[in-house]
Amino acid sequence: MKHSALIAGLLVANSAMAANIPDFLDKDEIMNAEFKCLGETATYSKKDQKYVDMLWDETLKYLEGYAVALSTSDGNCRNSDRTMFQTNTHDLKGPQYMCIMDRRDMKLMVKHIYTVINNPDKAKACFGAREDVNWIYSPGGELEKNSPVAKWLKRTTFEEFFDNKVTNKEVKEYGREFTKNFAKMVTGDDIKLPGAFPFDISANALPNLWASVGWFPMYAEDSERNKRNFTKTRGNYAYAEVFGHWGLLRIDEINNEKVGAEVGMVTQRIDSFYPYHNHAISEIYYTMREPACADEFQNFAVREDSPLVKTISENDTTREVEFDAGMPNEPWFWANTSPEHDDLAYFHQNTIHAFNYNGANCHAKPEEKAIVTVWARSNAHDKRNDYGTTRLCESSERPNTPAMRGEKFRCDLTKTKY
């Protein structure tokens with residue numbers, strides 16, 4: 001335990017030294033911040049507090065690495081990383097890019113993260129291990145075995161979740177394999193952070209956070225929405241939230257300003273297709289696994305105002321649209337991503353996007369490989385819009401079933417309010 005305490009101390013010390021505030025942020029406001037938590041401050045015994053402290057230290061490190069990556073020049077932008085936001089246009093101009101700090105929601109999210117890491121004692125009052133939440137899970141296996149925090153938490157494991165809460169037999173079988181290989185999916189030599197990151201924040205470097213954050217296999221259980229998803233994807237996908245309304249660090253306001261950030265991580269097995277979908281909130285992904293073949297990890301993203309997105313019907317709250325994925329140039333609307341090329345993707349609200357993960361022929365054991373990403377959303381505080389729901393699109397010809405590549409599909413877009 002002395003070794004663990006030393007590591008924790010170094011993490012805090014390094015975080016305090018490294019959290020330099022970008023000059024586009026108000027340092028006086030950040031250094032004198034006041035926090036309002038979501039919920040009551042969690043309290044722990046002295047025995048338990050040491051595990052919470054270990055989890056907190058790794059949380060700070062994760063958030064710091066993310067904020068620095070977003071707000072550091074990449075040679076194209078000032079005080080900002082560059083991001084792809086659309087994979088092609090109606091006139092086939094190719095992927096569209098911008099400086100991510102040009103977006104107000106990104107400035108606010110980064111500002112709030114820098115405020116947390118520069119006021120760790122105040123922010124910690126809003127932090128807890130969330131051991132009382134029964135819908136987030138431990139991956140179990142090697143990750144839990146190698147994490148004293150995860151062993152202390154004793155969350156329900158993925159294995160127990162898929163055995164007891166999933167009724168679809170095919171999803172259950174995929175889930176069991178996903179569980180078996182999860183540790184190999186998020187660790188290893190081919191896990192690689194994009195160059196914008198100042199240090200490693202993967203499970204290789206922060207084992208307690210990745211084992212203990214609380215993962216949610218969002219699509220595994222039967223629901224009306226999941227009729228529009230693929231069984232393979234449903235059993236091979238999970239996300240976790242570090243900072244946000246449902247995460248470990250739950251902050252309502254900083255300096256009387258609402259906090260909309262949700263920051264975490266996503267894992268999805270290769271050789272699976274995350275169907276076309278959309279949501280009324282901006283979303284961001286950093287790719288952090290090196291692909292074995294050029295087209296292993298592919299993104300699709302088309303903005304709601306594209307001429308290719310045709311309105312079918314609409315009411316006061318929703319616009320039903322159709323996109324023809326059977327057009328001759330459809331493959332041009334998919335862009336490869338890796339830690340070294342188009343590593344960052346930003347999806348504006350209502351952007352229709354999908355993820356196609358290949359690689360079955362690139363690996364000796366494809367079942368052990370997955371896309372791993374740093375994930376975030378930015379506007380979760382806005383109650384005027386349905387910011388909590390991911391809307392899966394459907395086949396135009398086969399309603400309420402997932403759309404395949406090469407066919408028309410329909411989506412419901414939220415009419416966002418400002």
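## Strands that pair up

Two strands count as paired if DSSP finds at least two bridges between them. Strands themselves are DSSP runs (E, at least two residues), numbered from the N terminus, and helices are DSSP runs too (H or I, at least four residues). In this predicted model, residues are numbered from 1 along each chain as its sequence is written. Local features need pLDDT of at least 70, side-chain atom pairs count only at pLDDT 80 or more, totals for chains, interfaces and linings use all residues, and side-chain values use heavy atoms, leaving out hydrogens and water.

Take β9 (residues 272-278) and β16 (residues 352-357): they pair in the antiparallel sense over four bridges. Ser-272 sits opposite Tyr-357 in β16. Both strands belong to an open five-stranded sheet, ordered β14-β11-β16-β9-β18 with antiparallel pairing. At its edges are β14 (334-336) and β18 (391-392), each pairing on one side only.

Now look at β5 (residues 237-243). Six bridges join β5 to β8 (residues 262-269), running antiparallel, and Glu-241 has Gly-264 in β8 as its bridge partner.

## The nonpolar cores

A nonpolar core is a set of buried Ala, Val, Leu, Ile, Met, Phe, Trp, Tyr and Cys residues joined through side-chain atoms within 4.5 Å. The largest one has 101 residues, and Tyr-66 and Trp-210 have the most contacts inside it. Helix α3 (residues 46-70) gives the most to this core, with 13 residues. A second, separate core has 19 residues, including Ile-352 and Cys-411.

Conventions
Buried < 20%, exposed > 50% of the residue type's maximum accessible area, 1.4 Å probe, protein only.
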